[in-house]
Amino acid sequence: MKSSKPLLHLLKPQTPKSKSPLFLTHHLCTNPISNPHDDDDDSLITQVLQLLQPNEQHWDFPQLHTLLFPNSITSPSPRSLLHITRRLTSPSKALEFFLFVSENLTPQDPPKGLLSSSFQALVELTLRQSPYETNLYELYKMAKDRNVPISPKAAGLLVQSMGRAGMEEEALIVFNELESGLKTTCIRNVVIGMLLKMGRVDDALKVLDEMLDPEAKFQVDEFTVDVVVGLFLRGEIRGRSVSEEEIAELVSKFGGRGVFPNSMVLTKLVSGLCRNRKVGLAWDVLHDVMKKGDAVEAAPCNALLSALGRGNEFKRMRELMAKMEEMGIKPNVITFGILINRLCKSRRIGAAMEVFEKLSGGVNGVSAEPDVVIYNTLIDGLCKVGRQEEGLRLMEKMRSQSGCAPNTVTYNILIDGFNKVGDIEKGRELFDKMKEEGIPMNVSTLNTMLDGLSRCGRLNTALEFFNEMERKGLKGNAVTYTILITSFCNVTNICKAMELFDQMLSSGCPTDAKVYYCLISGLSQAGRMEDASFVVSKLKEAGFSMDIVSYNVMIRGFSSKNRPDKIHEMIEEMEASGVKPDSITYNTLLAYLGKSGDFESAHKVLDRMLNEGVVPTVVTFGTLIHAHCLDGNIEKAMRIFRNMGSKSKIPPNTVIYNDLINSLCKKNDVEQALSLMEDMKDKGVRPNTQTFNALFKGLRENNLLKKAFQFMEQMVEEDCNPDYITMEILTEWLPGVGEIERLRKFAQGYPVSEPQPQQKDGIVAL
């Protein structure tokens, strides 16, 4: 009889004990095949366990030998050794027992089944002891030195547990040294996951390729798909990146072996592809999985459907729905919600209502009750196309459906809908009904009411409502103050806007940049540049930055105040903060410089604009032309005008023609002014009242009556109404040359060439 104590120091009981990872490995393998005469082992198991109850130092080894090896030809069964080892209370006892058995086997005993099952139980017990990391690998080396065969379950436990303990290299050594017959699908899945997390992507794919071989003994399964695709999608791998196209190709290969990602993984893949604007690839992946026979659920289809909807690809949405029906994939309430949402957003409310009716009544064997979200989406869609009354009726239908009562969002949508069409009274009625029903109000309710009242110019009522809600505990947010401040700025009540701004800051209300931008704009337009600068300083204190719109507003404001120093300061600050000037910035500077008569600087600004790649607009050229016309340099203005068509290819507008025609007529160059009128006609630019007024002045100075009558006729034909300036010019001119009748017809809106009945007293009815 032999007894040995090597390795026992590794397995002394330690505290505290952590939860065993065995629960994570139950899927790895089944237990070894047991002896058909299991009942015969029970007596032996009981006797041995009783004998091993004391500490291992006090074991009766002779008695133990007698029980296990009663004669030279009898050995305990693998089952009995497995259960004895498992039921020992500590790894140290289990190891002592394992060593005793291994050292007392006779050369004639077949060690394979005996030691394999006992070693498996020893590994299981070791995993219940923390820390177990070093012990596991030492046990493996011991088993290898003693030529103990590793059972499939023990192999799986070793590989997976070492991997989880951060001993990836040791786990891979164990895997590589296993016999090929032990490298089961389960173990390979563990190794692939381990390699991917280590960043050894190519090594993992090599193992995967072996499993994908049609002749492979251990092929891929659903868990393989979830491990590989799941890790790639979650981004839990180091090393080289794997493209979405590669992931899609892997899914296709898995499908070729009859295994597919689970619904959650497939949905995540489709969603990720769609999010990265690879909707076509998402379509191909989903249809390939369907084609190869997987029972696809609604969730991944919904992900693709949603992406197609965002792109307004309604034809492909119909194709997908048809494919779902063909494959027997039942749409759920989310599917219908996506369809309704996209149809509403594209203003196809009729089609959305049809989908809603089918959902409520059941379609193709699928019946689902619409939820609050679907009702709210439809009501919102109806309100946005001016069908508020239908939205109200739909809310009443909600009440009739069990568990689907209108909520805060429902009322907010309807209040906003009626406010937007100016029906403030109906909006207030809904608000009162909301209070009556005890439906909680939120800041969106407050903002919706304020926006409606402000749009209708009822600012005092809006302010009273705001104060009332604040007293009741419903505090405003940045949007609330933006609505009020903007509204008071629009009616030039800057004092009230500033008062609200101060109230917002003192109340500790979280702000956003927009409220500052609105006030800066209002103050600048009102010419209160010192106050605007103060708000800019507060904006920066709050951690926000000026945007291009705010800079442009400030530059325009300082231009109107003729503050070149402040304009320069704004431009320097823009450049320092990395905000690039846009066409509006340059146009504002050109207007200021032109008005100041600094044409040299103006053209330098234009050159810089072109060099910076900012495309000039019609306003850019119009600004320069207007400035030169005011300066009396009509030749320079005409040169810029001609360059617009020949070089910049920007068509002039009515304003530019008006400036040029007015200047030419003032210079008494009526002939060139008339040629510009022809040019307007050729380019399809419609003249307005100011165009004709400028011409009439020039024609009057040269007494060109026939031309004047032609343009009067044109004004009548084009329904271009004369203003007081038109009538002043013509009244000073035509009666003096005996054309009072033509003037009368023109004033009454009749063609000046048609005869009209004479008025009795000859007085012109103007």
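The mean positions of the 90 positive and 97 negative charges of the protein chain lie 0 Å apart; Lys and Arg count as positive and Asp and Glu as negative, with His and the chain ends not counted, and each charge is placed at NZ of Lys, CZ of Arg, CG of Asp or CD of Glu. The model is predicted: local features need pLDDT of at least 70 and side-chain atom pairs pLDDT 80 or more, while totals for chains, interfaces and linings use all residues. Residues are numbered from 1 along each chain as its sequence is written, and side-chain values use heavy atoms, leaving out hydrogens and water.

**Overall form**

- The protein chain has 40 helices and zero strands, taken as DSSP runs numbered from the N terminus (helices H or I, at least four residues; strands E, at least two).
- Its radius of gyration is 44 Å, well over the 27 Å that the globule rule gives for 766 residues, so the chain is more spread out than a compact globule; the radius is taken over C-alpha atoms, and the rule is 2.2 Å times the number of residues to the power 0.38.
- Along the principal axes, the C-alpha trace spans about 150 × 65 × 60 Å.

**Burial, surface and contacts**

- Of the 766 residues, 49% count as buried (under 20% relative accessible area, with exposed over 50% and partly exposed in between; 1.4 Å probe, protein chains only).
- Among contacts (heavy atoms within 4.5 Å) between residues at least 6 apart in sequence, 64% join residues at least 24 apart.

**Cysteines**

- The count of disulfides is zero, a disulfide being a pair of cysteine sulfur atoms within 2.5 Å.
- For Cys 509, the nearest cysteine sulfur is that of Cys 518, 14 Å away; Cys 509 is buried at 11% relative accessibility.
- The sulfur of Cys 665 is 12 Å from the closest cysteine sulfur, in Cys 629, which is too far for a bond; Cys 665 is buried at 8% relative accessibility.

**Helix α40**

- Helix α40 covers residues 740-747, and its buried residues are Glu 741, Leu 743, Arg 744, Lys 745 and Phe 746.
- The cover over these buried residues includes α38 (705-717) and α39 (724-733).

**Thr 623**

- Thr 623 sits in helix α33 (residues 618-630) and is buried at 13% relative accessibility.
- Leaving aside residues up to four places away in sequence, Thr 623 touches Asn 587, Leu 590 and Ala 591.
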